[in-house]
Amino acid sequence: QTYTEQYRMQYHFSPERNWVNDPCGMVYLNGTYHLMYQYNPHGTQWGNMSWGHATSTDLMHWKEQGVVLYNDSQGAIFSGGAVIDYHNTSGFGDSAMVAIYTSAGQTQKQSLAYSLDQGINWTKYSGNPVLPNKGIIDFRDPTVLWHESTHTWVMTLAEQDQIGFYSSPNLKDWTYQSAFGKGMGAHGGVWECPDLFQLEVQGTSRKLWVLMVSINPGSPSGGSGTQYFVGDFDGKSFTLTPEFELLLNPQPTDEVLVFEDFESGYENWTVTGTAFGQAPVAGTLPDQQLVTNYQGDQLVNSYLNGDAATGSLTSAPFIIESNYINFLIGGGHHPDLTAIKLIVDDQVVRSATGSNTEQLRWYAWDVSEYAGKSAQLKIVDEVTGGWGHINVDHVYFSDQAIVQKEAFWVNHGPDDYAGRSFQQTPDGRVLWMSWMNNWSYAGNLPTSTWRGGMSLPRELTLKETPAGIRLFQQPAAEVYELRQDTLVIQGDLDALNTALVGRAQSSNQYELRFSINQTNTQSGAGVILAAEGSYYTQIGYDPKTAKVFLDRKHSGVAFSGDYTQLFDFSTSELQSLNFQIFVDQSSVEVFVNDGEELISARIFPTSGATGLRFYGDVGSITEVSHFEYGNIWREA
Ligand code: FRU
C-alpha cells in the first residue's frame with residue numbers, strides 16, 4: 001500500500017487508519033518481528049483500547065495483521081508485553097506466543113492471551129486475570145522477560161509511583177518479589193510502561209540491568225517522558241549501581257551528617273524575628289509551625305511555615321572540617337523566599353536561594369578555603385508581608401560534592417513515550433521502539449484518517465563516559481537499508497548549501513549527518529530544515545549557552561494542547577559534536593555524539609516547507625552527508 005496523506009511518516013510505522021498509542025507485545029519469532037500496539041479500531045481518538053498487530057522481517061517494512069485482542073468482560077486491553085514460551089512452561093503449547101496485558105475494567109489487573117500460529121489467532125486464557133488488582137488504581141503495563149540465571153519469568157509492573165517485580169515458573173502463577181522507585185527519580189506524574197533488560201557495558205565484561213520507566217506528566221521537556229535507571233537485577237529485586245545511587249539518592253554514610261531535617265539536629269539553632277507567627281524563643285524551634293510531608297514512610301520534606309514578616313534561624317558556631325557543605329533547598333509560595341548563608345568571621349561568604357518555581361534541589365558549596373575556621377549557618381525567610389516556608393534540609397558536611405540528579409532521561413525531546421524492547425531477539429540486541437508522541441497533545445495532532453505513530457527502531461547500549469556509565473541509543477542497523485541515494489559534501493557553508501539545493505528541497509524524507517566544530521563556532525551553527533518563508537525548524541549548537549537545541553517554534557501548524565517548543569541539553573567540553581538527523585515528513589530525530597544524546601520531536605510543516613540549509617561560522621560545519629530515504633509502505 002502507499003500512503004500519501006499530508007504528515008504521514010514514510011519510513012516510520014503508523015497504522016493505516018485510526019488511533020494508535022503505546023507499542024505492545026514486541027517479540028521476535030522465526031525471522032519475524034511482531035509489533036502490537038494500543039489501538040482504537042473505531043476512531044481517531046483514544047478509546048476502545050485493543051491491540052493491533054503488525055509484522056516485519058526487517059524492523060522497517062510493517063504489514064498490518066489486524067486487531068488481535070478486543071476488550072472483554074474484564075475490561076479494555078491496555079499495554080503489555082509478549083514472549084515466546086519456547087519450553088512450554090505455560091502448557092499452552094510449544095513455542096506459544098503469550099501476551100501479558102492489563103485488563104482495564106473497574107480495576108486494573110493482568111491477563112494472558114496466547115497464539116499457536118505466530119500471532120494470527122489468539123485465545124484468552126480462561127484463568128484470567130493472572131495477577132489481580134491489589135488495591136491501587138494505577139496497576140498496569142506488564143513487561144515479561146525470561147530471566148536466564150534463575151530460570152524464571154519476571155514481570156515488571158507500573159504501580160503508580162513504583163515498579164513492582166513478580167516472578168513465575170509458568171506465566172500463570174505470579175509471586176510478588178519487590179518494588180523499586182518510591183522517592184527515586186522523577187515523580188511529577190504517574191509511572192507507566194516499565195521495561196527491564198540486561199546489557200554489557202561496551203568494551204568490558206560488566207553486565208548491568210537497565211530499568212526504563214515512562215512518566216506522565218513530569219518530563220522536563222513537558223508532559224510525557226521516559227527515565228532510566230542502571231543497576232543490578234537478581235531475578236527478584238533491582239538495585240542501583242553505586243554511581244546511580246549516589247546521583248539519584250545521595251545518602252552519605254561515612255560523612256558527618258549534621259542536620260537531617262527540621263525534626264532533628266536543630267536543637268542549637270536560634271530563632272529571630274517574627275517569621276513563624278510567634279515571638280522568638282532562643283534555642284527552640286517553633287514546633288507548632290513545623291510541616292512534614294511523607295510519602296509512605298519516607299519523609300519527603302519538612303519545613304517551617306512562616307506567617308508574614310521575616311525571620312531567621314542561626315546555627316551554633318561550628319568548625320569547618322570538610323571540603324563541602326551540601327544541602328537541599330526549596331521554597332514556599334514566593335520565588336527566592338528562602339536563603340541560606342554561611343557566615344565566617346562575621347562575613348557572609350556563601351549564599352544560596354531556593355525558589356518556589358523549582359523543586360528541592362541540591363547545592364554543594366566548596367568551603368575548603370575556610371578549613372579550620374569557625375562558622376555559622378543562617379537560614380533566612382526573606383519574604384515581607386507574605387506567607388511562606390523555610391525549606392533547607394539535609395545539610396551534609398562531606399569531602400565530596402553531593403549533587404543530586406532528579407532523573408536520567410532517555411530523550412531531551414517531547415515525543416518518545418511508552419517504549420519497549422523486543423523480547424528474545426535472535427542476536428541479543430536490545431531493540432527499542434516507542435510511541436513518538438506526548439499525552440499533552442496526542443489527541444490534537446493535525447492528521448486526518450489516522451493519529452499517532454512510532455519512533456525509528458533503536459539499538460540500546462551502555463557505555464562508559466567521563467561522567468560515568470550512560471545509556472546510548474543509535475538507529476538500528478536496519479534503518480540504513482532505507483538509504484537511497486548518498487551525497488557526501490565538502491567545502492565551505494556556501495558550497496554545502498549549494499550542494500543541498502535541489503536534493504533536499506523537494507521532500508522532508510532524509511537522513512543528514514554532520515559535525516559541528518565547537519572551537520570554530522563563535523555565533524552558533526546548525527541546520528534549518530522544513531523551511532519555507534517564515535516556517536522552519538532549527539537544530540544547532542549555541543556557544544553562548546553551550547547547548548544543543550531543537551526549536552520547533554516556527555515549524556508550522558500550531559495545534560492546541562501543551563505544545564512545548566524548544567528543547568535543549570548542555571554539552572560537555574568537547575571539540576566536536578556529531579549529528580545524525582532523521583527527518584520524515586512530520587518527525588525529527590536528532591542523535592548526537594554517536595547516540596549519547598537524543599532529541600525527538602514531531603513537527604507539522606506547511607506543505608511547501610521542505611528547504612534545508614546550514615548556518616554557522618567558517619569551519620563550524622564539517623563531515624556532511626545526506627541520504628534520501630525510501631518509503632516503507634510497500635510489501636517487504
Ligand atoms: C501509556 C498508557 C498506559 C496504558 C495505555 C492505555 O501511554 O497510559 O499506561 O496502559 O497508555 O492506552
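Strand β11 (residues 163–168) is joined to β12 by 5 bridges, and the two strands run antiparallel. Within this pair, glycine 164 has alanine 179 of β12 as its bridge partner. The model described here is a predicted one. The two strands belong to an open sheet of 4 strands with the order β9-β10-β11-β12, in which the pairing is antiparallel. Its edge strands are β9 and β12 (175–180), each of which pairs on one side only. On average, neighbouring strands of this sheet are turned by 25° against each other, direction ignored.

In the protein, the secondary structure amounts to 2 helices and 46 strands. Of the 636 residues, 44% are buried. Among the contacts with a separation of 6 or more, 64% are between residues 24 or more positions apart. An unreviewed UniProt entry carries the annotation "domain: Glycosyl hydrolase family 32 N-terminal", which covers residues 12–241 and 390–475. The span 12–241 is 54% strand and 0% helix, and its end C-alpha atoms lie 35 Å apart.

Another open sheet consists of 4 strands in the order β5-β6-β7-β8, again with antiparallel pairing. Here the edge strands, each pairing on one side only, are β5 (76–85) and β8 (123–124). Strand β5 runs antiparallel to β6 (residues 96–104), and 8 bridges join the two. Alanine 96 in β6 is the bridge partner of aspartate 85. In general, the strands of a sheet pair through backbone hydrogen bonds, in either a parallel or an antiparallel arrangement.

Strand β14 (residues 207–216) is mostly covered, with 7 of its 10 residues buried. Pairing with strand β13 (residues 190–200) is antiparallel and extends over 9 bridges. One of the paired positions is aspartate 195, whose bridge partner in β14 is methionine 212. Strands β13 and β14 form a hairpin with 6 residues between them, and glycine 203 in the turn has a positive phi of about 80°. Strand β14 is also joined to β15 (residues 225–233), by 7 bridges and in the antiparallel sense. In this second pairing, leucine 211 stands opposite phenylalanine 229 of β15.

The loop between β13 and β14 also contains threonine 204. This residue counts as exposed because it has 12 C-beta neighbours inside 10 Å, and a residue with 12 or fewer is classed as exposed. Threonine 204 is 175 residues from leucine 29 in sequence, and the C-alpha atoms of the two residues are 30 Å apart in space.

Several loops show backbone geometry of note. Most peptide bonds are trans, and most residues other than glycine have a negative phi. A cis peptide bond joins asparagine 128 to proline 129, with omega of about -5°; proline 129 lies in the loop between β8 and β9. Asparagine 216 and proline 217 are likewise joined by a cis peptide bond, with omega of about -10°. Proline 217 is placed in the loop between β14 and β15.

Positive phi values occur at two asparagines. Asparagine 30, although not a glycine, has a positive phi of about 45°, and is located in the loop between β1 and β2 (32–40). Asparagine 30 is exposed, since 9 other C-beta atoms lie within 10 Å. Asparagine 48, also not a glycine, has a positive phi of about 50° and is found in the loop between β2 and β3 (50–56). With 17 other C-beta atoms within 10 Å, asparagine 48 is partly exposed.

Key
Residues numbered from 1 in each chain as written. Predicted model: local features only at pLDDT ≥ 70, side-chain atom pairs only at ≥ 80, totals over all residues. Pairing = 2+ DSSP bridges. Buried ≥ 20, exposed ≤ 12 C-beta atoms within 10 Å, placed from the backbone. Contact = placed C-beta atoms within 7 Å. UniProt positions renumbered as here; feature names shortened; annotations may be inferred. Axes fitted to C-alpha atoms, helices over the stretch in contact; angles between N-to-C directions.
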